[in-house]
Amino acid sequence: MVGIISYGAYIPRYRIKVEEIARVWGANGTEISRGLGVFEKALPDMDEDTITISVEAARAAMARRVINPADIGAVYVGSESHPYAVKPTAVTVGEAIGATPVMTAADYEFACKAGTAAIQTSMGLVKSGMVTYSVAVGADVAQGEPGDALEYTAAAGGAAMIIGNDDPIAEINHTCSFTTDTPDFWRRENKPYPRHGGRFTGEPAYFKHVIGASKMMLEKMGTKPSDYTYAVFHQPNGKFPVQAASMLGFTMEQIKPGLAVTYLGNTYSGASMVGLSAVLDIAKPGDRIFMTSYGSGSGSDSFDITVTDVINSDLFNRDAAPSVSALLADKKIVDYAVYAKHKGKVVMME
Amino acid sequence: MSVARFWRKQQNRYNLIGTRCTTCGKYFYPPRGFCPDCRREGKIVDHQFKGTGKVVTYSIIRSSSGNFKLLTPYVLAIIELDEGTRLTSHLVCDIDQVYIGMPVRRVFRKLGEDGSSGAIFYGTKFVPA
């Protein structure tokens, strides 16, 4: 059955505290941190971007399992911050894991759910028998205008899932999507920062789609929230996923292991997939995972996943790559000046 | 750097592909097409290095230019790979963290770019293991 053959995450080492960002803009950091449920966010090193993050995540996935790179027939990378407007991130990932040249590749963009869209495409290719393995990556060096609400959470990081049919560590029982044209958040061509509809990003956008896709999934599978061990929801902040979980009937115990946002921030296309990686880091055979992503614009992809015995077998070595909690623990806190330099906000002569 | 010049060495830079002489067992990075010891007897084949090694020596760069200007201060190190050959690389770590003999591993990073509209060059750097 189609499922996750391996997975890997990557989070850059650098962090800035939400309070430090608030200090620069004369805002109340303690209040903002508490309001958002986010205390720190990850930022890239000077020589890191969405391509390097995607490669590191994909290599972490390759390290956990013996996979012949020649059997990888597709690489898809979802992101809002592809370094090139024209020239795919996915080809560099393919080259860096040795999967080129007999593979197809493309970059995806659907705000924060481009990574889970890549998982769905990969599932289609694997299920139809067109490819043996497909790599789906969700990664971002998230953009947020200085001083805007987004700046407190827009973070860097990503995760990769290798999708295949044979001996998956977790079977994907079903996926479904809920999609409409909802202008809650966008970035126009050639603009460095996205704009958003403020409060409009909540009820008619995030909640309508996350709840819509999640309810469809529960109905289709004939399950109730208590049938799942873990649940992961898109995490633009620490409040929305908790609220969505409670509206659907999931408990805090079910969502806490996958709630990476508190000390990571919102890694946009990477967010749900890093959350899923954190759950797979601790999951046991038989555990059932519910995941719903959200991408502005707007859509949600829902997944019903069952962890198999393979996760604890000789075929898979979870310790061969760092866990999300280990990546979060390896950190260096910087101030706003260093953050501005790392994010390219310091204008230099060319 | 011209696009073609970088592209020709892309596999070497991305995946640490070097060469090995199957006659004497010596490894080469950057790759050599000819073994300086075995000469005509040598047989050269491609070899992908594991990407782990240790610091042989290093220098801390405090003043730089071009693509490296914003990276200062940074560590430039001679690294001996586990297979035995040595290469020079940027070592990404705090400058007070580095020491001779420090175990390191490869990472994928941006090596530079040809201005804001030119090509971006990626490849291997090292971090503490």
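**View 1. A nonpolar surface patch is formed by A:V346, A:M348 and B:L70.** The patch covers about 220 Å². Patches are made of residues with over 30% relative accessible area and no salt bridge; like charges are joined within 9 Å and nonpolar side chains (Val, Leu, Ile, Met, Phe, Trp, Tyr) within 5 Å. Areas come from the Shrake-Rupley method with a 1.4 Å probe, and for residues only the protein chains shown count as cover. B:L70 lies in the loop between β4 (52-61) and β5 (74-81) of chain B. Its relative accessibility is 30%, so B:L70 counts as partly exposed. Buried means under 20% relative accessible area, exposed over 50%, and partly exposed in between (1.4 Å probe, protein chains only). Helices (H or I, at least four residues) and strands (E, at least two) are DSSP runs, numbered from the N terminus.

The model is predicted: local features need pLDDT of at least 70, side-chain atom pairs count only at pLDDT 80 or more, and totals for chains, interfaces and linings use all residues. Residues are numbered from 1 along each chain as its sequence is written, chains are lettered from A and ligands numbered from 1 in the order in which they are written, and side-chain values use heavy atoms, with hydrogens and water left out.

**View 2. Three strands of chain B form an open sheet in the order β2-β1-β3.** The pairing is antiparallel. β2 (27-28) and β3 (44-48) of chain B are the edge strands; each has a single partner strand, so one side of each is left without a neighbour in the sheet. Two strands pair if DSSP finds at least two bridges between them. Strand β1 (residues 17-21) of chain B is joined to β3(B) by five bridges. Within β3(B), B:D46 stands opposite B:T19.

**View 3. A:W25 and A:Y336 form an edge-to-face aromatic pair, one of 21 aromatic pairs over all chains.** The distance is 6.3 Å centre to centre, with 90 degrees between the planes. The two residues are 311 residues apart: A:W25 is in the loop between α1 (18-24) and α2 (29-36) of chain A, and A:Y336 is in helix α11 (residues 336-342) of chain A. A:W25 is partly exposed, with a relative accessible area of 39%, whereas A:Y336 is buried at 11%. Rings of Phe, Tyr and Trp (its six-membered ring) pair if their centres lie within 6.5 Å; planes under 30 degrees apart count as stacked, over 60 as edge-to-face and the rest as tilted.

**View 4. B:Y14 and B:F108 form an edge-to-face aromatic pair in chain B.** Their rings are 5.1 Å apart centre to centre, with 75 degrees between the planes. B:Y14 belongs to helix α2 (residues 10-15) of chain B and B:F108 to strand β7 (residues 103-113) of chain B, 94 residues apart. Both B:Y14 and B:F108 are buried.

**View 5. Strand β12 (residues 288-292) of chain A is mostly covered.** Four of its five residues are buried. Strand β11 (residues 230-233) of chain A runs parallel to β12(A), joined by four bridges; A:I289 is the bridge partner of A:Y230. β12(A) also pairs with strand β13 (residues 297-307) of chain A, in the antiparallel sense over five bridges. There, A:M291 stands opposite A:F303. A hairpin of four residues joins β12(A) to β13(A).

**View 6. A salt bridge joins the side chains of B:K125 and A:D47.** The N to O distance is 2.7 Å. B:K125 lies in strand β8 (residues 120-128) of chain B and A:D47 in the loop between β3 and α3 (50-63) of chain A, so the pair joins two chains. B:K125 is buried, with a relative accessible area of 3%, and A:D47 is buried, also with a value of 3%. A salt bridge is a side-chain nitrogen of Lys or Arg within 4 Å of a carboxyl oxygen of Asp or Glu. By this rule the count over all chains comes to 17.

View 7. A:E20 is buried, with a relative accessible area of 14%, whereas A:R23 counts as exposed at 55%.
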